[in-house]
Amino acid sequence: QERAFALEPVTLTFLPGQVNFIVGGNGSGKSTLSKLLSLHYIPAAGKVYFDQNPIDDSNRQQARSRIGVIYSNYFLFKKLYRSTTTADSEQINHYLKALGLTGKTEFIDGHFTATRLSDGQRRRLALLVALLEDRDIYIFDEWAADQDPEFKRIFYQEILQDMKRNNKLVIVITHDDRYFDCADRVIFMEDGKMIGEQIKTASDAVATDHAVQKQNRALFEA
């Protein structure tokens, strides 16, 4: 008889301006952990905290509004559900070019003209939309898995680093070990357990300012 999968107790603190990778094989618990952090799952025990405040039914929706997520089963809307400025339009055109989507779709009157794209193109468009939402926290589940090498490089070496500079908290589920140097921390999962972590030292990168560390703190405990 197969035993039911459960994530083992784990305590982690995530900070703004920090890029975290979660890695592990199939069934390691990395996706379950990420869905607890994104508040798609409610923990059976333990708590998720934002800014040292426990998340419950009274504030869960408000907390979710601070998180941008792209999972494998995402849905892509043609319409951008917020008003856009000239600066937004410039940013959209920048990302359309950078992500190889110029000529594939355009942004006109608050809508993308096409979303019937290849899987890789659709995922790049979903990333563009997520970046425009300007959330505090971002979670990406194997976003780069089906991307060409150049778009993998852009994602890890350019976009994630821009997000870090903009003080976003970023959590990425990935198998791309060649880009582990792009993370401030790599969390290793196996059989529902966190089995270790690799943290970039001060000699590898400039340490985050202590005052910044206190802002928008997200803590998972289970």
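Predicted model: local features only at pLDDT ≥ 70, side-chain atom pairs only at ≥ 80, totals over all residues.
I start with helix α5, which runs over residues 149–165. The helix has 17 residues and spans 23 Å from its first C-alpha to its last, close to the expected 24 Å. Where does α5 bend? The bend is at phenylalanine 155, and it is about 35°. Phe155 is also one of the buried residues of the helix, which include Phe151, Ile154, Ile159 and Leu160. Lys152 and Gln161 are on that buried list too. What covers these buried residues includes two helices, α3 (86–98) and α4 (119–133), and the strands β2 (18–23), β8 (137–141) and β9 (169–173).

Now the largest pocket. Its volume is about 710 Å³. The lining is made of 26 residues, and Gly68, Val69, Phe75, Glu133 and Arg135 are the ones nearest the centre. Helix α4, already mentioned as part of the cover of α5, supplies at least two lining residues, as do α2 (60–64) and β5 (67–70). Sorted by class, the lining has 14 nonpolar, six polar and six charged residues.

Last, the backbone angles. Most residues other than glycine have a negative phi. Glutamine 52, in the loop between β3 (47–50) and β4 (53–54), has a positive phi of about 70°. Aspartate 191 has a positive phi as well, about 55°, and lies in the loop between β10 (185–190) and β11 (193–199). Are these two buried or exposed? Glutamine 52 counts as exposed because its relative accessibility is 62%, over the 50% cut-off. Aspartate 191, at 36%, is partly exposed. A further positive phi, near 65°, belongs to asparagine 167, which follows α5.

Definitions and conventions
Residues numbered from 1 in each chain as written. Heavy atoms only, no water. Helix = DSSP H or I, 4+ residues; strand = E, 2+ residues; numbered from the N terminus. Expected span 1.5 Å × (residues − 1). Bend = angle between axes of the 7 residues up to and from the residue. Buried < 20%, exposed > 50% of the residue type's maximum accessible area, 1.4 Å probe, protein only. Contact = heavy atoms within 4.5 Å. 1 Å grid on protein atoms, 1.4 Å probe; cavity = no way out; pocket = protein on both sides within 12 Å on 5 of 7 lines; lining within 4 Å. Points joined across faces, edges and corners; volume = space filled by probe spheres on them. Nonpolar A, V, L, I, M, F, W, Y, C, P; charged D, E, K, R; others polar.
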